[in-house]
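The sequence and the structure are shown first.

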Amino acid sequence: MRLTVTVDYAAITRNVDRLRACASGSALMAVVKADAYGHGLVPAARAAREGGAAWLGVAQPDEALALRAAGDTGRVLTWLYGPAVPARELVAADVDVSASSPEVLARIAEGAREAGRVARVHLCLDTGLSREGVRPEGLDALLDAAAAADDAVRVVGAWSHLAWADAPGHPTIDAQAEVFRAGLARIEARGIALEVRHLANSAATLTRPDLHFDLVRPGIAVYGLPPVEDPSGAAFGLEPAMRVTAALALVKDAPARAGVSYGHDYVTPRDTRLGLVSAGYADGIFRSAGNTAEVAVGGRRHRIAGRVCMDQVVLDLGPDATERAGDEVVLVGADGPSAREWADWLGTIAYEIVCRFGGLKEKRPA
Ligand SMILES: *Cc1c(COP(=O)(O)O)cnc(C)c1O
């Protein structure tokens, strides 16, 4: 056993329920891309449905098809692919698809004809993120392509994504919302009655009720990690779902001035006891965490002593340590550091921490 990733799926259910209360009046799409941010695609999706997620969102088509294969029958949207999109399979599986270009829209129409069904399409508008989506000057061509394929394609949605939603008050948020509203007006002027208009990620779901439209698309908050500070300090009532643990393989005495791990980046300041944790960078512990990140044993925090190795790291437990080989080491969890702390230590975001720890492992239910 190296790292163990435990996921409290009931927490995901409660988080979705709270986010729904926060966006009452709009439906909720739980974003479960990237193996549900490392939490396990199928069980996380099931938990989100239980919390009332009418929609699930994934980047990759294979993730959408995996949800169907697992028996999910609710609304699912996928948005990231090129002309090689498996359009026939997606339409046959009743998965909603996004279109960012006339070329992809034509491929979707072809796939829909092959499947003998009408594709449900969401037009993706690039309102200023410069990632997926059509820029305003290309929207007419995309609408023309949809009109030309109206035997095979029904435009049911229009959506966009924000660049700076995690910086509440940033001027690009309103600017993007304005471009989005102008795009919606142009789509509706073509006589298209949109079922769902959607813009808000977690940050906008939590801080911008005016941008909820018909559907909100939170990801990180579903897993209990708010991307913005709650002014009340209550983390919006969200509960982190992931716990990451390892075990002490060995505890031993070491004298003062002992160099620890490769390159001796840590030197014991006094006689002490060292603990060896049997997990390293091959298990997802960032190498940059050496001498930086902390873990907890029995509720006591210890900074990783020296460099992270491929399969192991060392802790300086202190001269009075009572820890023993076999004790649990908490890397992320309620009785140890949070994913947010790891992000701050390593100069990244909590998203990367949970994707990394969860990405390599089997997930166990709590
Ligand atoms: C990842 C993603 C989301 C969710 O973003 P969070 O910041 O995790 O809430 C929503 N929409 C799109 C298009 C995304 O790629």
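## Packing of H3 with H4

The crossing of H3 and H4 is right-handed, a term used when the near helix is turned clockwise from the far one by less than a right angle (anticlockwise gives left-handed). The model is predicted: local features need pLDDT of at least 70 and side-chain atom pairs count only at pLDDT 80 or more, whereas totals for chains, interfaces and linings use all residues. Residues are numbered from 1 along each chain as its sequence is written, and side-chain values use heavy atoms, with hydrogens and water left out.

H3 and helix H4 (residues 61-69) pack at about 70 degrees, their axes lying 10 Å apart. Axes are lines fitted to C-alpha atoms, for helices over the stretch in contact, and angles run from 0 to 180 degrees between N-to-C directions. H3 and H4 are therefore roughly perpendicular to each other (65 to 115 degrees; under 35 is roughly parallel, over 145 roughly antiparallel, and the rest oblique). Leu-41, Val-42 and Ala-45 of H3 meet Glu-63, Ala-66 and Leu-67 of H4, where contact means heavy atoms within 4.5 Å. This contact comprises five nonpolar residues, no polar residue and one charged residue. Ala, Val, Leu, Ile, Met, Phe, Trp, Tyr, Cys and Pro count as nonpolar, Asp, Glu, Lys and Arg as charged, and the others, Gly among them, as polar.

## Packing of H1 with H3

The axes of helix H1 (residues 9-22) and helix H3 (residues 41-50) come within 7 Å and cross at roughly 40 degrees; the two helices are therefore oblique to each other. Their crossing is right-handed. H1 contributes Tyr-9, Ile-12, Thr-13 and Val-16 to the contact, and H3 contributes Pro-43, Ala-44, Ala-47, Ala-48 and Glu-50. By class, there are seven nonpolar, one polar and one charged residues. Helices (H or I, at least four residues) and strands (E, at least two) are DSSP runs, numbered from the N terminus.

## The largest pocket

The largest pocket is lined by 41 residues, with Ile-220, Leu-225, Pro-226, Pro-227 and Tyr-351 nearest its centre. Its lining divides into 24 nonpolar, eight polar and nine charged residues. On a 1 Å grid over the protein atoms alone, a pocket is an open set of points where a 1.4 Å probe fits, with protein on both sides within 12 Å along at least five of seven lines; lining residues have an atom within 4 Å of a point.

Tyr-266 lies in strand S12 (residues 266-267). Tyr-266 and Ala-109 are 157 residues apart in sequence and 61 Å apart in space, C-alpha to C-alpha.
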